[in-house]
Amino acid sequence: MKLSNNLMFFGLIVLLTVSIANAADVKKDMVSYWPLDGNAKDIVGGFDGKEMGAPKWVQAHKGQGVQLDGISHINAAKFQLTTDVITFVAWINGWKMADWAGIVGSRTPTACEMIFGPNDTVHYVWNNNAAETYNWALAPQIPQDSWAMVALTIDPDKAVAYVYTEAKGLKQGTNKIPHVEQQIGNMNIGFVDCCGNVRYFKGIIDEVMIYKRALTDADLLQLATKGLAVESSGKLATTWGDVKR
């Protein structure tokens, strides 16, 4: 009986260790993380943002988020990354002020963005602003004025766009084309710095993340359902932000 109990205890320890290790993997190659909990600090990469216009800090998907009024955004001007592999992630609740409105991305020195398209799905811009990226229209649809996690992964041979909602789970679409290495700077949240300055998002954005790798379906599902938890015991959870502090 004692041996059986010891084996059971050992088994639980192994399962907990594996669970923690798997959960920790979602932090691998994270470049920037803007929790948007009352400020625009990047608590991983140090590319802190600046409030442009009059954004407000409100209750959001997790803690606080930034509420944008359609003429405001967050700008992380010092952001820098050169890569052909990336993941953009953000929680959003709102809608576009115009087609091609920005969720997160940059136009400096080249266009690298996750955006709204004219058909209300996730669109993106890459390959030096090539039409084969921004005109691709087979991504999942973004729900209007309700919480959704949107994500985009890019690697050298494909891009995958994702939308997660509690009602429908994780949906995705794949654009199987080559993607080149690009230099990225001057990151914007909720805005595309282009074309008459009308491409704003209006609503709440929360939990913005950038990775220098293409997250897997499992990674994104974990982010959507568990967040950045790295330890779990009963109802106690420690987040990556807590660990950083």
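Q: Which residues does Thr110 touch, not counting residues up to four places away in sequence?
A: Thr110 touches Asn128, Gln182 and Gln183, where contact means heavy atoms within 4.5 Å. This is a predicted model: local features need pLDDT of at least 70, side-chain atom pairs count only at pLDDT 80 or more, and totals for chains, interfaces and linings use all residues. Residues are numbered from 1 along each chain as its sequence is written, and side-chain values use heavy atoms, without hydrogens or water.

Q: Why does Thr110 count as buried?
A: Its relative accessibility is 18%. Buried means under 20% relative accessible area, exposed over 50%, and partly exposed in between (1.4 Å probe, protein chains only). So Thr110 counts as buried. Its place is in the loop between β8 (108-109) and β9 (112-116). Strands here are DSSP runs of E with at least two residues, helices are runs of H or I with at least four, and both are numbered from the N terminus.

Q: What makes the link between the side chains of Thr110 and Gln182 a polar contact?
A: The separation is 3.1 Å. The rule asks for a pair of N or O atoms within 3.5 Å; within protein, one must be able to donate a hydrogen and the other to accept it, and residues adjacent in sequence count only if both atoms are side-chain atoms. The Thr110 and Gln182 side chains are joined by such a contact.

Q: Why does Ser146 count as partly exposed?
A: Ser146 has 30% relative accessibility, so it counts as partly exposed. It sits in the loop between α2 (131-134) and β11 (148-155). Leaving aside neighbours within four places in sequence, Ser146 contacts Ile92, Asn93 and Gly94. Its C-alpha atom is 9.6 Å from that of Ile204, 58 residues apart along the chain.

Q: How do you know that Asp206 has no salt bridge?
A: A salt bridge needs a side-chain nitrogen of Lys or Arg within 4 Å of a carboxyl oxygen of Asp or Glu. For buried Asp206, the nearest side chain of opposite charge is Lys62, 8.2 Å away. In this count Lys and Arg are positive, Asp and Glu negative, and His and the chain ends are left out. The Lys62 backbone is another matter: its nitrogen lies 2.9 Å from a polar atom of the Asp206 side chain.

Q: Where does Asp206 lie?
A: Asp206 belongs to strand β15 (residues 201-211). Beyond its neighbours within four places in sequence, its contacts include Pro35, Ala60, His61, Trp91 and Trp147.

Q: What makes the aromatic pair of Trp34 and Phe79 tilted?
A: The angle between the planes is 40°, and the centres are 6.3 Å apart. Rings of Phe, Tyr and Trp (its six-membered ring) pair if their centres lie within 6.5 Å; planes under 30 degrees apart are stacked, over 60 edge-to-face, and the rest tilted. Trp34 and Phe79 therefore form a tilted pair.

Q: Why does the pair of Trp34 and Phe79 tie together parts that are apart in sequence?
A: Trp34 lies in strand β1 (residues 30-34) and Phe79 in strand β5 (residues 73-83), so the pair ties together parts 45 residues apart. Trp34 counts as buried at 0% relative accessibility, and Phe79 does at 1%. Trp34, Phe47 and Phe79 form one aromatic cluster.

Q: Which residues are buried in helix α3 (residues 217-226)?
A: Asp219, Leu220, Gln222, Leu223 and Ala224 are buried there. Just after α3, Gly227 takes a positive phi of about 70°.

Q: How many helices and strands are in the chain?
A: The chain has four helices and 17 strands. Of its 245 residues, 50% are buried.
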